[in-house]
Amino acid sequence: MRIAVITGASSGIGREFVKQIDASEKLDEIWLISRREDKLNQLAAELKNKARVIALDLLDSHSFEVYKEQLNDNTEVRYLVNASGFGYMGDWSEISNEDQMRMIDLNVKALVSMTNITIPYMKKGSMIIHMGSGSVFNPLPYFNIYASTKSFVRHYSRGLREELKSLGIHVTLICPGWVRTEFFDHTNSSNVRYSPKKYTPMTEPHDVVRVALKHAKRNKPLSIYGWFTKLQHVLGKLLPHSLIMCMWKGMLKENK
Ligand SMILES: NC(=O)c1ccc[n+]([C@@H]2O[C@H](COP(=O)([O-])OP(=O)(O)OC[C@H]3O[C@@H](n4cnc5c(N)ncnc54)[C@H](OP(=O)(O)O)[C@@H]3O)[C@@H](O)[C@H]2O)c1
């Protein structure tokens, strides 16, 4: 049974991956994972491929057992898209320790667990797609824990790609800048001292995912969408991080 597994499928970028993979591939099933079962069911009803809704909270370690139980010797995972994630803004004291740990648990630990569980069911040409961000290229004070989780994902994806090369499994890191999704409903940006003056340039999930899938199929290590994020990537290589952090702070406004 050839399948695609997509976390974060209930909204935004993950949802768009589901729709575009569904439109371009003939698979036996697409597995939709995230917490909101109603949204997953709605999406499942729109797909031409058969869908399996697996409503899971990836902050709950039992969820990985539930996921593992669905896989068997006949399963071939063609795509694993790890798109569940969130980011709180704020300095070290404005985000509770519990929320900082939740960000690390979802953006880092859940992503690694999903990947470790899935790899044994992948074959040559299978694709692992990880959501990074424009924040992977340098530290971002006041968005620090989020950016640090994404830096982990960057290094992890690059190293894993080398480990999986001999098996012919692709690993691609997706790095967009700001993307118009529900992400901003959860950033807590109005309750903190510093937040971005503007979220520009703002891009659309459809465009980010179209380019991401093209790059993943060509086995590119990195998919960067948008001129601004491409510039960030280059500057991250050329300039000291101290200077880039000054430039980032210049893009922030003081709220209180
Ligand atoms: N939007 C941006 O500007 C942007 C830029 C760069 C990178 N990214 C990254 O792209 C990825 C997708 O974000 P998005 O922009 O599409 O935001 P989004 O619309 O808020 O989607 C986040 C997804 O994560 C799922 N999720 C949240 N908590 C979860 C949990 N505990 N267990 C399982 N799933 C959970 C949500 O589903 P449920 O609520 O149903 O669980 C939702 O489907 C994230 O990793 C984000 O960091 C976003």
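Q20 counts as buried at 14% relative accessibility, where buried means under 20% relative accessible area, exposed means over 50%, and partly exposed is in between (1.4 Å probe, protein chains only). This is a predicted model: local features need pLDDT of at least 70, side-chain atom pairs count only at pLDDT 80 or more, and totals for chains, interfaces and linings use all residues. Residues are numbered from 1 along each chain as its sequence is written, and side-chain values use heavy atoms, with hydrogens and water left out.

Q20 sits in helix α1; helices (H or I, at least four residues) and strands (E, at least two) are DSSP runs, numbered from the N terminus. Its side chain makes a polar contact with the side chain of E16 at 2.8 Å. A polar contact here is a pair of N or O atoms within 3.5 Å; within protein, one must be able to donate a hydrogen and the other to accept it, and residues adjacent in sequence count only if both atoms are side-chain atoms. A polar atom of the Q20 side chain also lies 3.0 Å from the backbone oxygen of H206. Leaving aside residues up to four places away in sequence, Q20 touches H206, V209, R210 and L213, with contact meaning heavy atoms within 4.5 Å.

## The sheet

Seven strands make up an open sheet with parallel pairing, in the order β3-β2-β1-β4-β5-β6-β10. Two strands pair if DSSP finds at least two bridges between them. At the edges are β3 (51-55) and β10 (222-225), each pairing on one side only. Ignoring direction, neighbouring strands of this sheet are turned by 15° against each other on average.

Strand β1 (residues 2-7) runs parallel to β4 (residues 76-82), and six bridges join the two. I3 stands opposite V77 in β4. Helix α1 (residues 12-24) packs on the sheet, touching β1, β2 (29-34), β4, β5 (127-131) and β6 (170-176). The direction of α1 makes about 160° with that of β1; axes are lines fitted to C-alpha atoms, for helices over the stretch in contact, and angles run from 0 to 180 degrees between N-to-C directions.

## Two nonpolar cores

The largest nonpolar core has 46 residues, and those with the most contacts inside it are V5, I33, L58, Y67, M114, I128 and F143. A core, in this sense, is a set of buried Ala, Val, Leu, Ile, Met, Phe, Trp, Tyr and Cys residues joined through side-chain atoms within 4.5 Å. At least two residues each come from β1, β2, α3 (62-70), β4, α4 (97-118), α5 (144-164) and β6. Helix α4 gives the most, with seven residues.

What does V5 touch, not counting residues up to four places away in sequence? The list is W31, I33, Y67, V77, Y79, L80, V81 and M114. There's also a second, separate core of 29 residues, which includes A9, I30, I174 and A216.

## F152 on helix α5

F152 lies in helix α5 and is partly exposed, with a relative accessible area of 37%. Not counting residues up to four places away in sequence, F152 touches V108 and V112. The C-alpha atoms of F152 and V108 are separated by 7.1 Å, though the two residues are 44 apart along the chain.

## Around the ligand

Of the 31 residues around the ligand, S11, R35, Y146, V179 and T181 come nearest; a residue is near a molecule if one of its heavy atoms lies within 4 Å of it. An oxygen atom of the ligand is 2.7 Å from an N or O atom in the S11 side chain. For the side chain of R35, a ligand oxygen is 2.7 Å from an N or O atom, and for the side chain of S34 the distance is 3.1 Å.
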